[in-house]
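Reader: I am new to this structure. Please show me how to read it, one feature at a time.

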Amino acid sequence: MKTQENYTTSFTVEQTPQEVFDAIGNVRGWWSGEIAGNTAELGAEFTYRVPNMHYSKQKITESVPGKKIVWHVLDADLTFIKDKSEWKGTDIVFEIAQKDRKTEVRFTHRGLVPAHECYDKCSNAWGALVNGNLRRLIATGQVQPSPW
C-alpha cells in the first residue's frame with residue numbers, strides 16, 4: 001500500500017533544540033504576512049493572512065518543548081486554487097531532534113500532497129519560509145523579511 005506523500009523538508013542547525021523550539025513559536029519572526037493571535041501556547045489559535053491570496057487559521061494541538069510542535073489548520077481560503085479550502089483539516093508539524101552536536105528540524109505539512117493543486121506553489125513557499133526564513137531566524141536570532 002502506497003502512503004500519501006506529504007510535503008516534508010528538513011535542515012540542521014548549531015542551536016539547541018530549545019532555541020529551535022522557541023524560534024518556531026516566534027511565527028511573526030519567520031512567516032511573512034499578517035499574523036493575529038498567540039503563536040506559541042498549546043491550545044492557542046492564530047490566523048495567517050496575505051490579502052487577496054491566503055488566509056488560514058491554525059490551532060496549536062501539540063507542543064513539547066525542544067521536541068515537537070503541531071498546528072492543526074481549522075480553516076483556510078487560498079484564492080489562487082480552485083479548492084480554496086485545500087489546507088483545511090491538515091496538520092503542520094515541526095519535529096526537533098538532537099543529532100550529534102547539532103539540532104535537526106523536520107517540517108511536514110500533513111495533507112499537503114502532490115495530488116493537490118496547491119502542492120507545487122505551497123511546497124515552494126514552505127521551502128523558502130522553512131529552509132530560508134526559519135533557518136536564518138534560528139541561526140541569527142534576527143527577524144527575517146518576506147522572501148517574495
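Reader: Which strands does H2 lie across, and at about what angle does H2 run to E1?

Author: This is a predicted model. H2 lies across E1, E6 and E7. Its direction is at about 15° to E1.

Reader: What about H1: which strands does H1 lie across?

Author: H1 lies across E1, E4, E5, E6 and E7. To E6, H1 runs at about 160°.

Reader: How do I read a sheet, and in what order do the strands of this open sheet come?

Author: Start with the general idea. Strands of a sheet pair through backbone hydrogen bonds, and the pairing is either parallel or antiparallel. Now the case here. Seven strands form an open sheet in the order E1-E7-E6-E5-E4-E3-E2, and the pairing is antiparallel.

Reader: Which strands stand at the edges?

Author: E1 and strand E2 (34-37) do. Each has a single partner strand, so one side of each is left without a neighbour in the sheet. On average, neighbouring strands of this sheet are turned by 20° against each other, direction ignored.

Reader: How many bridges join E3 to E4?

Author: Six bridges join E3 to strand E4 (residues 54-64), and the two run antiparallel. Take two examples. Phe46 has Gln58 in E4 as its bridge partner. Arg49 has Tyr55 in E4 as its bridge partner.

Reader: What lies between E3 and E4?

Author: A turn. E3 and E4 form a hairpin with three residues between them. In that turn, Asn52 has a positive phi of about 60°.

Reader: How many bridges pair E4 with E5?

Author: E4 and E5 pair over 10 bridges, in the antiparallel sense.

Reader: Is Thr47 buried or exposed?

Author: First, find its place: Thr47 is in strand E3. Buried means under 20% relative accessible area. Thr47 has 18%, so Thr47 is buried. Its contacts, not counting residues up to four places away in sequence, are Glu34, Ile35, Ala36, Tyr55, Ser56, Lys57 and Gln58.

Reader: How do I read a core, and which residues in the largest nonpolar core touch the most other members?

Author: The general idea first. In soluble globular proteins, nonpolar side chains tend to be buried together. Here the largest nonpolar core has 37 residues. Those touching the most other members are Trp30, Trp31, Trp71, Trp87, Phe94, Trp126 and Leu134. Several elements supply at least two residues each, including strand E5 (68-78), strand E6 (91-99) and helix H2 (119-140). H2 gives the most, with eight residues.

Reader: What does Trp87 touch?

Author: Leave out residues up to four places away in sequence. Then the contacts of Trp87 include Trp31, Val73, Leu78, Ile92, Cys122 and Trp126.

Reader: Which residues of H2 are buried?

Author: Among them are Tyr119, Cys122, Trp126, Leu129, Leu134 and Ile138. The buried residues of H2 pack against E1, H1, E6 and E7.

Reader: How many residues does H2 have, and what does H2 reach from its first C-alpha to its last?

Author: H2 has 22 residues and reaches 29 Å. That is close to the 32 Å expected at 1.5 Å a residue. Just after H2 comes Gly141, with a positive phi of about 75°.

Definitions and conventions:
Residues are numbered from 1 along each chain as its sequence is written. This is a predicted model: local features need pLDDT of at least 70, side-chain atom pairs count only at pLDDT 80 or more; totals for chains, interfaces and linings use all residues. Side-chain values use heavy atoms; hydrogens and water are left out. A nonpolar core is a set of buried Ala, Val, Leu, Ile, Met, Phe, Trp, Tyr and Cys residues joined through side-chain atoms within 4.5 Å. Buried means under 20% relative accessible area, exposed over 50%, partly exposed in between (1.4 Å probe, protein chains only). Helices (H or I, at least four residues) and strands (E, at least two) are DSSP runs, numbered from the N terminus. Contact means heavy atoms within 4.5 Å. Two strands pair if DSSP finds at least two bridges between them. Axes are lines fitted to C-alpha atoms, for helices over the stretch in contact, and angles run from 0 to 180 degrees between N-to-C directions. The expected span of a helix is 1.5 Å times one less than its number of residues.
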